[in-house]
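Here is a quick tour of one protein model, written to be read with the structure open beside it. Have a look at the picture and then read on.

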Amino acid sequence: MEISPSILSADFGNLLSDIRKVETEKPEYLHIDIMDGHFVPNITIGPLVLNALKDKTGIPFDVHLMIEEPDKYIKEFVDAGAKNITVHQEACVHLNRTLQLIKSMGVNASVALNPATSLDTLRYVLSSVDMVLIMTVNPGFGGQVFIDGMYEKIRELASIRNEKELNFKIEVDGGINIDNIKDVVLAGADVIVAGSFIFANGDPGENLKKLREAALK
Ligand code: DX5
Ligand code: ZN
């Protein structure tokens, strides 16, 4: 299991200092949520901020694009230090092309599904993705409650991966905390995004440690 702390719930006035607090616990990724106010009803940050951080931390950037027309911005995010780029199936008319574009830039290509979107929509791209992100809340905001129906979706995806002998990772994002992380991992998730649990209350490093412990219990 790998953890990708989401800086969406960090203190943006002291972003680097919050990142330093999780660095001590060696997270596998740093999850960065990019929102455009169109695909989701919220606006966050762009490549400028990633560029400012990329030489200051060694944690690989896991960039979650919740934007329309992502193709236009992929190169900028790669140049800004992204190691994984996730696009939403719902935002990509030519999903295969978009995934190829990401891969052609030498970074991992990942696709996300909103809670209401069926796994069937990925049937013909599964063999060419490095990761699938199952949204366990409706995207747009941190601090929402995990949608219980998503356990079944994670299990189904894990079983498809097994049947087809594929090896993409399964990432989950939204509402993960110490009470549900173990169940999410048992359902088949490999990469766990957590925002508010890590950054909203208490020490981010300690919270990350608690999450890892809860997953192993
Ligand atoms: C929501 C974002 C998430 C968010 C998760 O649209 O994609 O990455 O930061 O936050 P929590 O863990 O608070 O649900
Ligand atoms: Zn996210």
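## A walk through the model

Lysine 26 sits in the loop between α1 (15-23) and β2; helices (H or I, at least four residues) and strands (E, at least two) are DSSP runs, numbered from the N terminus. This is a predicted model, in which local features need pLDDT of at least 70 and side-chain atom pairs count only at pLDDT 80 or more, while totals for chains, interfaces and linings use all residues. Residues are numbered from 1 along each chain as its sequence is written, chains are lettered from A and ligands numbered from 1 in the order in which they are written, and side-chain values use heavy atoms, with hydrogens and water left out.

Back to that loop. Phi of lysine 26 is near 50°, a positive value in a residue other than glycine. Glutamate 165, in the loop between α5 and β7 (169-173), also has a positive phi, near 55°. For background, most residues other than glycine have a negative phi.

| Residue | Relative accessible area | Class |
|---|---|---|
| Lysine 26 | 64% | exposed |
| Glutamate 165 | 70% | exposed |
| Glutamate 68 | 41% | partly exposed |
| Glutamate 76 | 43% | partly exposed |

Glutamate 68 belongs to the loop between β3 and α3 (74-79). Setting aside neighbours within four places in sequence, glutamate 68 is in contact (heavy atoms within 4.5 Å) with Asp36, His38, Phe39 and Tyr73. Between glutamate 68 and glycine 140 there are 72 residues in sequence and 13 Å in space, C-alpha to C-alpha. Glutamate 76 is part of helix α3.

Now for the inside. The largest nonpolar core has 62 residues, and Ile34, Leu50, Leu65, Ile85, Val132, Ile134 and Val184 touch the most other members. Helix α5 (residues 150-163) gives the largest share of this core, five residues. Apart from it lies another core, of five residues, including Met35, Phe39, Met66 and Ala91. A nonpolar core here is a set of buried Ala, Val, Leu, Ile, Met, Phe, Trp, Tyr and Cys residues joined through side-chain atoms within 4.5 Å. Not counting residues up to four places away in sequence, valine 132 touches Ser110, Val111, Leu122, Leu126, Leu157, Phe168, Lys169, Ile170 and Glu171.

There is one aromatic pair in the structure. Phenylalanine 146 and tyrosine 151 make up this tilted pair, at 4.9 Å centre to centre and 40° between the planes. Both phenylalanine 146 and tyrosine 151 are buried. Rings of Phe, Tyr and Trp (its six-membered ring) pair if their centres lie within 6.5 Å; planes under 30 degrees apart count as stacked, over 60 as edge-to-face and the rest as tilted.

Finally, the largest pocket. Its lining counts 28 residues, with Phe141, Gly142, Gly143, Gly174 and Gly175 nearest the centre. A pocket, on a 1 Å grid over the protein atoms alone, is an open set of points where a 1.4 Å probe fits, with protein on both sides within 12 Å along at least five of seven lines, and lining residues have an atom within 4 Å of a point. The largest share of that lining, three residues, comes from β2.

Note on methods
Buried < 20%, exposed > 50% of the residue type's maximum accessible area, 1.4 Å probe, protein only.
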